[in-house]
Amino acid sequence: MSSPDTPEPQNTSEPQNTPEALSPEAIASIRVNLDEVSTRAATAAEASGRTSADVKVLLATKTQPAAKIRVALEHGFTLIGENKVQELVGKADDLADLDHEAHLIGPLQKNKVNHTLRHAHCIQSVDNLELATKINNRLEALDQTVDFFVQVNTSREDSKSGIAPEETEALIAALQAHTRMRLRGLMTIGLPGRTPDEIRPSYADLRELSEKLLSSGAMSPDATELSMGMSNDFELAIAEGATMVRVGSSVFGARYYS
Ligand SMILES: *Cc1c(COP(=O)(O)O)cnc(C)c1O
């Protein structure tokens, strides 16, 4: 991440290849929000006995145009996450000249694996063996690898995505045969729309599960990442050990679904 006092490179010669150019005010506001999120994440990391380098900020960019994402990447951020394969694919060309890592953070249908592997560096939503096998087979054919997280449903409620905590160990064991896939750790969404206090236990659950799987050797010692926390609660998630928070609306503003 760029330090706040480094002047940003001004891109005056290249026209933006997007339908609507952003106003200078919109650009300035994204930059201010990015700096604020960085500062808050760093403060929370230090409060949890870590440093800012221990906690990455991934920008959740669903529904946001490539022009806004470009502002963030030019400001020194490098991690973006899309929920839909269609958006991941649709924005890839516009951002191809900027150094970054794209993650898929939403559910992946088996028929979209090929498109995903063309553009995603990491898939955070692996939650079943059938999907993982499809991914690994495709990677073999492409002679390629991919990073991934196992998505765990720690919400203690019925929810569509994520494997149950008690089934996670067996899934990870089965995935060891998937040699093209590199496990980085565990991801959870928690309880969308709840207050931070209601959400916090689901983050604690993910950290405890990770500690258990690491100490028993069920999970590789490299797979230490915990992807958890969003705009409303990322400081709590960091307090519970998040190594990656996924922040959207506090940087880009409200999302408009068309
Ligand atoms: C949208 C989204 C986020 C970010 O949510 P905000 O509240 O906008 O910060 C994080 N993770 C996932 C999986 C998301 O879909």
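This is a predicted model: local features need pLDDT of at least 70, side-chain atom pairs count only at pLDDT 80 or more; totals for chains, interfaces and linings use all residues.
Biologist: Is Asp143 buried or exposed, and why?

Modeller: The idea is to count the C-beta atoms around a residue: 20 or more others within 10 Å make it buried, and 12 or fewer make it exposed. Asp143 counts as exposed because it has 7 C-beta neighbours inside 10 Å. Thr63 has 18 other C-beta atoms within 10 Å, so it is partly exposed.

Biologist: Why does Ala120 count as buried?

Modeller: Ala120 is buried because 25 other C-beta atoms lie within 10 Å. This residue sits in the loop between helix H4 (113–119) and strand S4 (122–126). Leaving aside neighbours within four places in sequence, Ala120 is in contact with Leu88, Ala102, His103, Leu104 and Val146.

Biologist: Which residues are buried in H2?

Modeller: In H2, the buried residues are Ala66, Ile69, Arg70, Val71 and Ala72. Their cover includes helix H1 (24–47), S1, strand S2 (79–82), helix H3 (85–95) and H9.

Biologist: How many bridges join S1 to S2?

Modeller: Two bridges join them, and the strands run parallel. The chain goes from S1 through H2 to S2, making a right-handed β-α-β crossover. To find the pairing on your screen, look for Ala60, which stands opposite Gly81 in S2.

Biologist: And how many bridges join S2 to S3?

Modeller: Four bridges join S2 to strand S3 (residues 101–104), and these strands also run parallel. Here the chain crosses from S2 through H3 to S3 in a right-handed β-α-β crossover. Ile80 stands opposite Ala102 in S3.

Biologist: Which residues come nearest to the ligand?

Modeller: There are 14 residues around the ligand, and the nearest are Ala60, Ser231, Arg246, Gly248 and Ser249. Strand S8 (244–247) and helix H9 (249–252) each supply at least two residues of the shell. By type, the shell divides into five nonpolar, seven polar and two charged residues.

Biologist: Which residue does the UniProt annotation "modified residue: N6-(pyridoxal phosphate)lysine" cover?

Modeller: That annotation, which comes from an unreviewed UniProt entry, covers Lys62. Lys62 lies in the loop between strand S1 (56–60) and helix H2 (66–74). With 17 other C-beta atoms within 10 Å, Lys62 falls between the two cut-offs and so is partly exposed.

Biologist: Which residues does Lys62 touch?

Modeller: Not counting residues up to four places away in sequence, Lys62 touches Glu82, Asn83, Lys84, Glu87, Gly248 and Arg255. One of these, Gly248, is also among the residues that come nearest to the ligand.

Key: Residues are numbered from 1 along each chain as its sequence is written. UniProt positions are given in the numbering used here, feature names are shortened, and annotations may be inferred rather than shown by experiment. Two residues are in contact if their C-beta atoms, placed from the backbone, lie within 7 Å. A residue is near a molecule or strand if its C-beta atom, placed from the backbone, lies within 6 Å of it. Ala, Val, Leu, Ile, Met, Phe, Trp, Tyr, Cys and Pro count as nonpolar, Asp, Glu, Lys and Arg as charged, and the others, Gly among them, as polar. Two strands pair if DSSP finds at least two bridges between them. A crossover is right-handed if, with the strands pointing away from the viewer, the path from the first strand over the helix to the second runs clockwise.
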